[in-house]
Amino acid sequence: MLCWGSAACGQLGLTVSEAAVFEPRSCCMFDGRGLKEVACGGQHSLFLMHDGSVYTCGSNSHGQLGHEKPGVKPELVGALDAQKIAGVACGQAHSLALNEQGQVFAWGAGERGQLGLGTAEEAVRVPRLIKKLCEYRISQVMCGNQHCIALSKDGQLFTWGQNSSGQLGLGKGEPSSLFPQPLKSLCGIPLAQISAGGDHSFALSLSGAVFGWGRNSAGQLGLNDEQDREVPCHIKFLRSQKVVYISCGEEHTAALTKDGGLFTFGNGSRGQLGHDSTSNETLPRRVLELMGTEVSQIACGRHHTLAFVPSTGLVYAFGCNAQGQLGLGIKGNAATPLPVRNIQLPFLNNTQSDQCSIGRIHCGGDHSFLLLSHGKSCPEDFRIINTSKSISLINRDSLNSWRLKLLDSTDSSITKVSLLYINDSFCFSSDVLSDIILLLSSTACWNASFLDQSDDGHFKTNPKVPGIDLSSVRLLFEILMKPAYSRLLEQSTEWAVDRRMCVFIDHEEL
């Protein structure tokens, strides 16, 4: 791993006392240990390992490290030992961790409700479970300065924390929230990715629609004005650009398109938009300096931006460089993309450059990281939608997987979960079905399942192509039929389905 930028609080994990690092430097702490992901906060960093453990370093002013050890080098967050963490996120002074079961843990600054714990505490120094999200399987979490957003596998979007600029998207006049609140205005839209900036938020649908809300003082929502938005708004300018990934900075936003184009908008005062100026842009504008190349990864820090071009193996940086966060080896901001210094010459343990490749770029606050992969592994490509982190699809593969799980289940696994209505008969669901019932009752999941891939690989709606084989649905449900009809009627009911219509209705309406 290589790192550069602000190091005053130890957020680079270099175990040395320096205010700033102006060019990429090797961080050997995780050599050979399977580093998977990095999250950067205002002055702290989280490191996620492939074994699910989490390490943190940097400022611990509000307990955002999750341990009481000095923050000059990465230390294990022992309170998460019993969890296998699948994702991490950082705000200005708080942290989130998402485990493989879809549960979310929060710690750090909480005075604005950004921890979602129902309290407004100045510092929570040990990770706590966000209980309000336990009944949902969360697949993505993102942090703004003092707010958070989360996407569940069944397509529900939740927001919590500070709402001073409408960054929670809950509507005009809504106060800040100590608990996760469902964002109902995007209900039914199949979402692929979420992102959070300083005080603004974005959501990207599987069909490429971009929605933004929150603070817009510099045009960071791309709506051609500087008025805040309290509810999600469709960014119409990007409607035809086939956007596949969004990254947010403090007051600027970057959008990556399917063809490798990079659009930026918002605050440009430090050159972070890459347009060779320090002007704000209220409409998305393509970074011309990178035209002719295909960008595959983007990442926004507080006032700087990184972009990776796989054909050349170069990472380009632009924006604020006061703390060396551009990795150019020199001081001074850059208003156009410049290549980060020496990234093609990694020097971890004298490894030859042809045996290393770039894995993923990360940045946030005023610091940056570059994960290196040994061998012939390919860099991540943000243009390929990560289906494991987007909402679940109801298709032949998923139906068959559910069917096999149910066949393996035993009567002892039966619990009071729900009752299904099929072909004028009732069938009772078991524990194995809890997730299935959730997904089958999701409008967003059904909508996502009727999306078709066009020739260029980008999702779009196609009502003429059925996405679901109803015979498979019937086959799945038939194995749920139980002979003890009278016993089943005594159980609690939550959902029912008319198979012929494939519409979910309340059992009392049957």
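The following legends describe close-up views of a predicted model. Local features require pLDDT of at least 70 and side-chain atom pairs pLDDT 80 or more, whereas totals for chains, interfaces and linings use all residues. Residues are numbered from 1 along each chain as its sequence is written, and side-chain values use heavy atoms, with hydrogens and water left out.

**View 1. The aromatic pair of Phe-202 and Phe-265.** Six aromatic pairs occur in the structure (ring centres of Phe, Tyr or Trp, the latter by its six-membered ring, within 6.5 Å; planes under 30 degrees apart are stacked, over 60 edge-to-face, the rest tilted). Phe-202 and Phe-265 are edge-to-face, because their ring centres are 6.2 Å apart and their planes stand at 70°. Phe-202 belongs to strand S16 (residues 200–205) and Phe-265 to strand S21 (residues 262–266), so the pair ties together parts 63 residues apart in sequence. Strands (E, at least two residues) and helices (H or I, at least four) are DSSP runs numbered from the N terminus. Phe-202 is buried, with a relative accessible area of 1%, and Phe-265 is buried at 0% (buried is under 20% relative accessible area, exposed over 50%, partly exposed in between; 1.4 Å probe, protein chains only).

**View 2. The tilted pair of Tyr-245 and Phe-382.** The two rings lie 4.5 Å centre to centre, with 35° between the planes. Tyr-245 lies in strand S19 (residues 243–248) and Phe-382 in the loop between strand S28 (367–374) and helix H1 (396–408), so parts 137 residues apart in sequence are tied together. Both Tyr-245 and Phe-382 are buried.

**View 3. The open sheet S7-S8-S9-S10.** Its four strands pair in antiparallel fashion (pairing requires at least two DSSP bridges between two strands). Strand S7 (85–90) and strand S10 (124–129) are the edge strands, each pairing on one side only. Five bridges join S7 to strand S8 (residues 94–99), and Gly-87 stands opposite Leu-98 in S8.

**View 4. The largest nonpolar core.** This core holds 34 residues, of which Met-1, Leu-35, Val-38, Phe-47, Val-315, Phe-369 and Leu-370 touch the most other members (a core is a set of buried Ala, Val, Leu, Ile, Met, Phe, Trp, Tyr and Cys residues joined through side-chain atoms within 4.5 Å). S28 gives the most to this core, with four residues. Phe-30, Phe-47, Tyr-55 and Phe-369 form one aromatic cluster.
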